[in-house]
Amino acid sequence: AGELRHWEGASQEVFSPVCVRTPDGPERVRIGSFPLMGGDDAMAALDTAVATYDNGRGEWPTMTVADRIGHVQRFAARMKERRSEVVRLLMWEIGKTEKDAAKEFDRTITYIDDTIDALKDLDRVSSRFVIHEGIIGQIRRAPLGVALCMGPYNYPLNETFTTLIPALIMGNTVLLKPPRHGVLLFAPLLEAFRDSFPPGVVNTLFGAGRTVTPPLMASGKVDVLAFIGTSPAANALHKEHPKPHRLRTVLGLEAKNPAIVLPDADLNLAVEECIAGSLSFNGQRCTALKIIFVHESVADHFLNLFSRALAALGCGMPWEPGVMITPLPEPGKAVYLSELLEDARSHGARIVNDGGGSVNCSFFSPAVVYPVTPAMRLYAEEQFGPIVPVVPFTDVSTPIRAIEESDYGQQVSIFGRDPQTLANLVDHLVNQVSRVNINSQCQRGPDIFPFTGRKDSAVGTLSVSDALRSFSIRTLVAAKEIDLNKE
Ligand code: G3H
């Protein structure tokens, strides 16, 4: 709340997914701790955010856009000073490779800069007057109130900031709840928040989500819920609000993005994109390719190329150059993934690559599973880990039906050459998902493009300019034309 409070309460220890050998076997390394705030602490932070917003009369919501931009720029400058610490914490706490951790940090800074540029454009449009049917109208962008911003563990910095920054810059006050994993990196940023924003504008809450968030939502005083994570968690939060119709939600949820490899696809390209698309950061991305439909005529060739590429894939510690597979931060994840493999095996699928699915402390070696059928959990369930289910098809209606019947609707990748076939597929799929990728993997960026989804995948749109709209309301100032010379 604009101050750094000395914490004397309970704290939660944080363990890295990186293991060390001990006489009792491998053990996760302790890397720090964070304050375990309770419901009362959360409510105190909420009171501060509400008082600072002051029903739209506070200093922050009434400040000029230029001044708010100044505060955000000051914050970005302070944040850059902590780059190496934050990058290191990303590596140790969630097992992200050094290259990807640095990319996450730099992408966040670019996101802040791009948001500022987009706001300047939006502000120019908002300052215009339009005269229509005797009314002089000006559409302003006004803040919504108090926003609760919660990011996911796979992009604890970047995805948290994709809601935090637009929420702030549009004049809302914010409650920031870091994810369960990827929490320590917020400690070096606390001073930057304190030194860059007026007191009470950014309120960081450490603690278990199940303790600190229900009372916030139940108070009815949160105006915007910006949450990136699973849909059960989003639903649970939403249900706590006594008047959910008054709550604006911006949600980035689950996905089961498919790739469709057509018979005329460039298989080398398809394999390269599908490897990166399904296995970067161990497949722990909502945008990851989570199921691959391959035309039967090229399935064997595709699997051979895929297995060969997998064998060459780097697996190691986050600081080792060239690795893609690193330790998994979620302690129970390997057990869950093994269950999915067992289920697929029991229904007749096999693991195509040698050693696929083996577990070593928090490492889970990538497994390609074939042939996957609708009877298997892997067909519809979001694995969010290094398992690649492959489904053979003879008619493209098979993947299309799977997409239509899926609970998710984020993205799809199509690999093929014939322009007419691609165009027909695109025309159909744009009504099923929110992004169709041609000869390329699924992904969120570049961040200036809209990022959203259908069905259980998202509510609202995140991206630089869309997010500014998501965290504000268009307010019309309408004046009747009057003749000033008339007595
Ligand atoms: O977890 C979902 C992220 O938004 C994925 O972003 O496609 O840039 O890795 P990315």
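This is a predicted model: local features need pLDDT of at least 70, side-chain atom pairs count only at pLDDT 80 or more; totals for chains, interfaces and linings use all residues.
## Nonpolar cores

The largest nonpolar core has 79 residues, and within this core M79, F161, L175, F193 and F197 touch the most other members. Helix α5, which spans residues 98-126, gives the most to this core, with 9 residues.

Leaving out residues up to four places away in sequence, F161 touches F75, M79, T108, Y111, I112, P166, F186, L189 and F193. Two of these names, M79 and F193, return below, where helices α3 and α7 meet.

## Helix packing

Helix α3 (residues 65-80) and helix α7 (residues 187-196) pack with their axes 9 Å apart and at an angle of about 150°, which makes α3 roughly antiparallel to α7. The crossing in which α3 passes α7 is right-handed. On the α3 side the contact is made by H71, R74, F75, R78 and M79, and on the α7 side by L189, E191, A192, F193, D195 and S196.

Another pair is formed by helix α4 (residues 83-94) and α5, which pack at an angle of about 130° with their axes 9 Å apart; α4 is therefore oblique to α5. Here too the crossing is described as right-handed, with α4 passing α5. The residues of α4 that take part are R83, V86, V87, L90 and M91, and they meet E98, A101, A102, E104, F105 and D106 in α5.

## Cysteines and the disulfide

The structure holds 1 disulfide, and this link joins C19 to C361, with a distance of 1.8 Å from S to S. The angle about the S-S bond is -50°, and the link of C19 and C361 is left-handed. Because C19 lies in strand β1 (residues 11-22), while C361 lies in the loop between β15 (359-360) and β16 (363-364), the pair ties together parts that are 342 residues apart in sequence. C19 counts as buried, at 17% relative accessibility, whereas C361 is partly exposed, with a relative accessible area of 30%.

With a relative accessible area of 0%, C442 is buried.

## A buried loop residue and a strand contact

N154 is found in the loop between β5 (146-150) and α6 (158-169), and at 3% relative accessibility this residue counts as buried. Not counting residues up to four places away in sequence, N154 touches I94, K96, E104, E159, F281, Q284, R285, C286 and F384.

A479 has its place in strand β24 (residues 473-480) and is partly exposed, with a relative accessible area of 35%. Although A479 and I136 are 343 residues apart in sequence, they are 5.0 Å apart in space, taken from C-alpha to C-alpha. With neighbours within four places in sequence left aside, A479 is in contact with G134, I135 and I136.

## Backbone features in loops

One joins Y370 and P371, with omega about -15°, and P371 lies in the loop between β17 (367-370) and α13 (377-380). The other joins G445 and P446, with omega about -10°, and P446 has its place in the loop between β21 (435-438) and β22 (454-455).

Positive phi values also occur in residues other than glycine. N55, with a phi of about 55°, is found in the loop between α1 (39-53) and α2 (59-62), and at 67% relative accessibility N55 counts as exposed. F384 has a phi near 45° and lies in the loop between α13 and β18 (387-393). F384 is buried, with a relative accessible area of 14%, and is one of the residues touched by N154.

Definitions and conventions
Residues are numbered from 1 along each chain as its sequence is written. Side-chain values use heavy atoms; hydrogens and water are left out. A nonpolar core is a set of buried Ala, Val, Leu, Ile, Met, Phe, Trp, Tyr and Cys residues joined through side-chain atoms within 4.5 Å. Buried means under 20% relative accessible area, exposed over 50%, partly exposed in between (1.4 Å probe, protein chains only). Helices (H or I, at least four residues) and strands (E, at least two) are DSSP runs, numbered from the N terminus. Contact means heavy atoms within 4.5 Å. A disulfide is a pair of cysteine sulfur atoms within 2.5 Å. Axes are lines fitted to C-alpha atoms, for helices over the stretch in contact, and angles run from 0 to 180 degrees between N-to-C directions. Angles under 35 degrees count as roughly parallel, over 145 as roughly antiparallel, 65 to 115 as roughly perpendicular and the rest as oblique. A crossing is left-handed if the near helix is turned anticlockwise from the far one by less than a right angle, and right-handed if clockwise.
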